[in-house]
Amino acid sequence: MGRLQAGISAIGRLLRDTPGAVRARIRIHGVKGTVKALPEMARFAMNNYIQPVRAGGANQPISTEQALEPYDAWLLVNQWTPGRARDLRRRLKRAEGSLPLISVIMPVYNTPEKWLNRAIESLREQVYEKWELCIADDCSPSPHVREVLERWKEADSRIKVVYRGENGHISRATNSAAELATGRFLAFLDHDDELSPDALGEVALQLAEDEQIDLLYSDDDKINENGRRYAPQFKSEYSPELLLSYMYFCHLLVVRKSLFNQLGGIRPGFEGAQDFDFALRAVERARKVVHLPMVLYHWRAISGSTALDAAEKPESFEAGRRAVEEALQRRGIPARAFQPKWASDARLGLFDCEFPDDGPSVSIIIPTKNRLDLLRRCVESIQKITTYKNYQIVIADNGSDDPQTLEYLGNVDARVLQIPSPDGRFSFAYLNNRAVEQCDTEYVLLLNNDTEVIEPKWLSQMMGYARLDGVGSVGARLLYPDDRVQHAGIVHGLHGGLAGHAFKLMPRNHPGYLNLSLVTRNVAAVTAACLLTPRELYLKMNGLDEQHFNVAYNDVDYGYRLLQAGYRNVYCASAVLRHHEGASRGFRDNPREVAAFRRMYGSFKDPYYNPNLSLRNERFEVVPRRLPRGERKLRRVMYVTHAMTHTGAPLIQYEIALQLRNRYGIEPVVFCPEAGPLVNYYREHGIEPIIGPLFFQNVHTGRATYQQMIEQVAQIFRDAEVDAVYANTMLTFWANVAAERAGLASIWNIHESEGINHYVGTMGAALAREAAASFALPYRVVFGSRATMRLYEKLETRHNFTYQHNSVDTQRIAEWQGSWTREEARKALKVAPGEMMLLIVGTVCARKGQLDLVQAYERLPYVLQKQVRCFLVGDVPNEYSQRVADTIARWPDYMKERFTVVRETGQVGRYYRAADVFVCTSRVECFPRVNLEAMYMGLPLVTTPVFGVPEQVWEDVNGLYYRPGDIGQLTAQLQRIITDIPLRMKLAANSVRVAKVLPADMEVAEAYAKMLHEAYLSKM
């Protein structure tokens, strides 16, 4: 009996501190049923509160939705619809006078009747009608070919056919078809492939926009005999060095007819790679080569086709190699083309260039300070392995004082430059710039001292590409010591809109998407851990930027500036080194440099990374995305929120709604099941929220069914005539279901880090499954942090998850700062000049954990207790709040006087203005808004590092961490920040800098505007 009583007492203590979802079960069961339900309630509390906090929400239900392949999910949001057809017709009509006739060239030989018909049908299904089909039958022996062609020729006067008297293979047949063409542009269609219905329309519009275009190519995919589409090729913008690696243009390829004629058409003798040879010749004369990032072509994969297996036509490999080699010869490039062993083994038509070991002089500049172990390994690997002849090693010593290192520098077979930092602080940019100035070679190669050469021809290959016309820099393939990829070119937009390394952490021999990890190609930039560039160009570009990027991002900045100046950056896959990254100087970036990079390059567009590829990681994964192409603009959005309170999620949505209206003209319609103080905020801006019935209370009590509720909400959406729905927080999952019912797209912004069961467990198993399934419905499920997104990853079945760090209204921050001086704010709050003010802002509840600060204050030494004032802002009546009050009530008067609890309010500006230190005691957070407000107000922080907090507060940079509930550690961190004035000043100074590393409110608004617009288009 005693054991039972102890268990019940434990459950009681547990329930006392759990959020309202657990206590709601008491209401559901009733008073009499509560005791009987205690075991079930305890399980619920453990599964939905304690375990998600401790283990990251491992007990969430798995969605019953079947997980799709990424491209299948992409196809769902890119379906061809009557709405898209109408929109394309509107755009074509507006450009009617400038649209060209497009001649579609189709060589035919013994095509199966089914596929020949389907190819021609796909052309006749085009929205754009200003085309002609020029067919050359290459003396097909099967009689059905002529019958089919004659039938189509009779059915459509735009179809022309010539019958060759002898079989001349695909090159001659293509040229015969081209002789029939009267259009200004030729588009090539294989006899068993398909065009998308918008293919020629989108091509015509692009050509009409720019008279300089001579060559155009689109994205493509494969289509099997059952009509299933797969294996998309989402390509980069024009990449000359990638085109030397393989025929990445592929389909759809469009060329100006006059250029085709100048080149003499397709060259016989390159069968199997005739299009590759043509492309290599065409780009040498084309005024402009343009990529259209749309899947406009479906490549038929049937037995015997190269779409299914390139090895079906092995002679194409040798033809491709010869095409590259002849291109090198035409361009006067001293190199030979060959098929690498890995490509040969994989039966892939990919190629590389081998360059000679002699050439212009190059200085290999190695910055260093002490770390003899790294320096010696780097230098010896160069000297022992490198086959390139015309180089010198230049060691830029940055003040080494280790005796062994100094002895080595005095004897090493290399030039040693002494370059001390002018202010005693390390600057990678300064060190390299001074070293380059003192060199006299034609090229310079910046090389980290923690690298190790493992490929003998590394420098020969890099120098070969560096000498090509228009190349500004060349980088290498760098591997970690465990043989995983460290660098394979730089991609813009990774790591929350910054930049990162392609294919990072993938196995050394993994080819990556479209084999891009193993082939030489153009990239946005390359790492300065191994960067080759002409010395004169480096000096002309003023080298690495010492003003903004002393340590981090100087290489990315250099690459971007080269691009802007018209040069290309090359990732040389055959130059391989090992990189012991961070061994010399560590990993942490300066927040000033990160903020400067975001400010200078926030809107930079990476020309070599297709927008249909994800930026969630470095693996070039397909992301389901509906890219705008001149379609109608978004007009009205329904914002659905669970509450109208002064809390984080409703305030975030409120600010986003106003930003989108003010910046993009998107009219907001706001819906919430119950009223609250934010209603007046909206009314002040002329927005009258729709307050609906408490649907879920009705569902629980049996007064309505879930499906009736969904239909009611869907009708509200229809009546409001909105274009899309923005659902806010886990508690509005039903808004996504209702949007789907109403035929509208939605995005779903989730701020919670407690797991789905915590919020829907009280609804019963059926509704919990509905909530889990609803993750498949929105165009995007947007999480406030990476950590929160990871918590829900088992529910992702449509590859529609993303994260977007929130921001705060910087205008409101400025108003706070302008409304109160620090002295005025402290005087109003009766904080004496010599007192230290600690501040917590947030609803007082177990999840926020404010009792930690109460108990930590109790433990502070008496002298510090007398020095400190604590303000806890956000009190609301609840059991946890009562515990806080009861604890304070037991204190002596001098302590009570120094700890102020303030009711929840929207007027928190003066508290921030008066504070010295901000404290966040939360157990569960996504990306707490209050931390951002404190950072923008220049406050140092002491915080728990839960979920998304480390993504906004950098430990020992702008804040100190303590483990949730660890009162001893919190007490120690408070003592540290109170007594260590230089530390407090450093953290405070860095707070605004770190805040500026994160997306600004304008960037957040732009991100949501894009997502909502794309979502709208996906349902159009």
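A disulfide is taken here as a pair of cysteine sulfur atoms within 2.5 Å. The structure is a predicted model, in which local features need pLDDT of at least 70 and side-chain atom pairs count only at pLDDT 80 or more, whereas totals for chains, interfaces and linings use all residues. Residues are numbered from 1 along each chain as its sequence is written, and side-chain values use heavy atoms, with hydrogens and water left out.

Zero disulfides were found in a search of the whole structure. The sulfur of C378 lies 9.2 Å from the closest cysteine sulfur, that of C530, which is too far for a bond. For C845, likewise in no disulfide, the nearest cysteine sulfur belongs to C920, at 11 Å.

Aromatic rings of Phe, Tyr and Trp (its six-membered ring) were paired if their centres lie within 6.5 Å, with planes under 30 degrees apart counted as stacked, over 60 as edge-to-face and the rest as tilted; the count comes to 40 aromatic pairs. The rings of F260 and F278 are tilted, because their planes stand at 50° with the centres 5.5 Å apart. Both residues are buried (under 20% relative accessible area, with exposed over 50% and partly exposed in between, for a 1.4 Å probe and protein chains only), F260 at 3% and F278 at 1%. The rings of Y706 and F733, by contrast, are stacked, since their planes are at 25° and their centres 6.5 Å apart. Y706 is buried at 9% relative accessible area, and F733 is buried at 0%.

One aromatic cluster is formed by F549, Y553, Y560, F597, Y601 and F604.
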